[in-house]
Amino acid sequence: MARLIVVSNRVATPTETKGSAGGLAVGVFGALKDAGGVWFGWSGDVVSETVANAGPTLDQEGPVTFATVGLTKKDYDQYYRGFSNATLWPVFHYRNDLARYERDEYAGYRRVNAWLAHKLVKLIEPDDIIWVHDYHLIPFAEALRSEGVRNRIGFFLHIPFPSPQVLQTIPPHEELVKSLCCYDLLGFQTRNDQQAFHDYIAREAHGTVRELGEATKPGKGAETAGEVEEEGVLEAYGRTLHTGVYRIGVFPDEIAEQAARYESRQHVLDLKQSLEGRKLIMSVDRLDYSKGLVERFQAFEQLLEHSPEWRGKVTLVQIAPPTRSDVASYKVIREELEREAGRINGRYSGLDYTPIRYLSQQYDRWKLMSLFRESQVGYVTPLHDGMNLVAKEYVAAQNPEDPGVLVLSIFAGAAAELAGALLVNPHDATGMSEALEHALSMPLEERKERYHTNMEALRRNDLGVWRDRFLSDLARVPHQR
Ligand code: GDG
């Protein structure tokens with residue numbers, strides 16, 4: 001069996017892979033443990049040039065080597081804070097209004113990719129399979145190829161891929177797509193993302209696109225994961241590459257077990273007591289403008305405004321740990337959210353009632369799962385999201401005898417799989433408030449039915465299926481040495 005090299009912007013620490021970081025790190029680490037290999041990327045530290053150049057630091061954990069490097073302040077500013085998070089992230093989430101383009105940041109992005117590739121080269125053996133993750137590392141394969149690496153290299157994009165017209169708002173869009181064509185296999189979260197990439201290749205790059213296999217037609221609004229064959233074979237810029245749809249999942253039974261194990265812990269009892277019998281709506285997101293938090297608060301306000309019988313009877317708990325807080329647009333969304341929570345609470349609070357509890361802090365994973373289990377509604381309404389694992393975790397954490405209802409945005413990748421959710425358009429506050437009301441008053445039988453539909457989908461396409469399908473496809477695609 002070939003060794004595996006995983007490359008991602010951030011590398012989980014060996015301790016995090018034992019559970020605290022969440023499913024993805026555990027899933028990727030599982031594949032590394034099976035095949036043996038290297039997990040390579042940024043340590044998360046900003047360091048001096050001397051320290052950065054001395055890397056990578058190697059940390060051995062059984063058959064897996066964790067290889068990390070620090071970034072200099074300039075590299076961090078241009079590659080991470082700049083082009084990755086102030087250009088690519090907003091544009092790929094259709095927020096061109098929040099994007100900026102600076103030539104020196106783009107140059108820094110390419111420079112850091114080339115530098116990282118150079119650092120990795122020494123650790124690569126001829127038969128290794130290389131799996132690169134996410135938008136920070138689009139030019140990584142190209143940089144490896146120019147170092148003479150001829151291994152198979154696959155790329156998985158965790159976030160949406162925008163339509164060609166939107167992508168073209170980034171001036172070097174064609175260089176980015178050319179760089180993507182240096183991979184042997186490109187994996188997308190949804191059919192729409194894959195299609196958007198194919199459209200660019202066909203219309204803008206004048207390449208050829210062959211779509212193999214018929215996408216199974218959605219049954220009752222949801223695609224049946226595992227039965228969908230969506231393979232593309234593309235020729236562009238002198239290369240042949242493959243594309244596929246790989247919907248990332250969770251390990252639902254582990255989450256269910258964890259949520260049940262912690263359901264009578266003190267934090268849950270405290271919450272229960274403070275709710276005094278009120279219904280609970282739970283939301284958990286990284287604090288990010290793509291997650292639709294302001295729209296979500298406003299739809300909840302509409303529920304209280306138009307259905308006064310719910311005032312004092314339902315509480316929304318929003319957990320939103322801040323991320324990327326040194327990127328300007330993240331400061332703005334934080335202020336806006338605090339203002340909205342304050343305004344709505346000012347309007348509808350009573351001496352013993354606060355409608356929105358907004359907690360801008362990180363919680364332990366097991367606490368989140370047990371809070372999901374305690375709630376009647378999971379309220380997950382991003383404006384655009386590659387998949388959204390919170391939606392899947394919410395379902396998995398429910399008590400099968402008394403499950404809560406998932407209210408889910410049609411713009412989350414997960415909407416294609418979770419046919420048991422109440423789907424909403426996050427731009428329609430009235431529609432969302434009606435869905436909340438529907439969820440809060442849904443009879444037990446219907447809740448159970450929806451829960452089972454969703455759980456089946458989660459089990460059919462869990463995190464292991466996602467990982468194994470991607471890696472076996474990558475091992476199989478013919479590649480050009
Ligand atoms: C990207 C794409 C795609 C959140 N708050 C806390 C916490 N979390 C955990 C959640 C979940 C994860 O973080 C967030 O995953 P999402 O999928 O919801 O969103 P992104 O972070 O934007 O992830 C996304 C994903 O990549 C995977 O491909 O689905 O579309 O944007 O697991 O539970 N975990 C802990 N404390 C918190 O306060 N421990």
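Tutor: Before we look at charges, note that Lys and Arg count as positive and Asp and Glu as negative, while His and the chain ends are not counted. This is a predicted model, in which local features need pLDDT of at least 70, side-chain atom pairs count only at pLDDT 80 or more, and totals for chains, interfaces and linings use all residues. Residues are numbered from 1 along each chain as its sequence is written, and side-chain values use heavy atoms, with hydrogens and water left out.

Student: OK, how many positive and negative side chains are there in the chain?

Tutor: The chain carries 55 positive and 67 negative side chains, and the centres of the two sets lie 2 Å apart, with each charge placed at NZ of Lys, CZ of Arg, CG of Asp or CD of Glu.

Student: Switching topic, which residues of helix 10 are buried?

Tutor: In helix 10, which covers residues 266-275, the buried ones are His267, Val268, Leu271 and Leu275, where buried means under 20% relative accessible area, exposed over 50% and partly exposed in between, with a 1.4 Å probe and protein chains only. Helices (H or I, at least four residues) and strands (E, at least two) are DSSP runs, numbered from the N terminus.

Student: Why do they line one face of the helix?

Tutor: Seen down the axis of helix 10, the buried residues fall within an arc of 100 degrees, so they line one face; the arc is that of the directions from the helix axis to the C-beta atoms.

Student: And what is exposed on the other side?

Tutor: Gln266 and Gln273 are exposed there, on the other side of helix 10.

Student: What do the buried residues pack against?

Tutor: The buried residues of helix 10 pack against strand 11 (279-284), strand 12 (314-319), strand 13 (356-359) and helix 13 (365-374), where a contact means heavy atoms within 4.5 Å.
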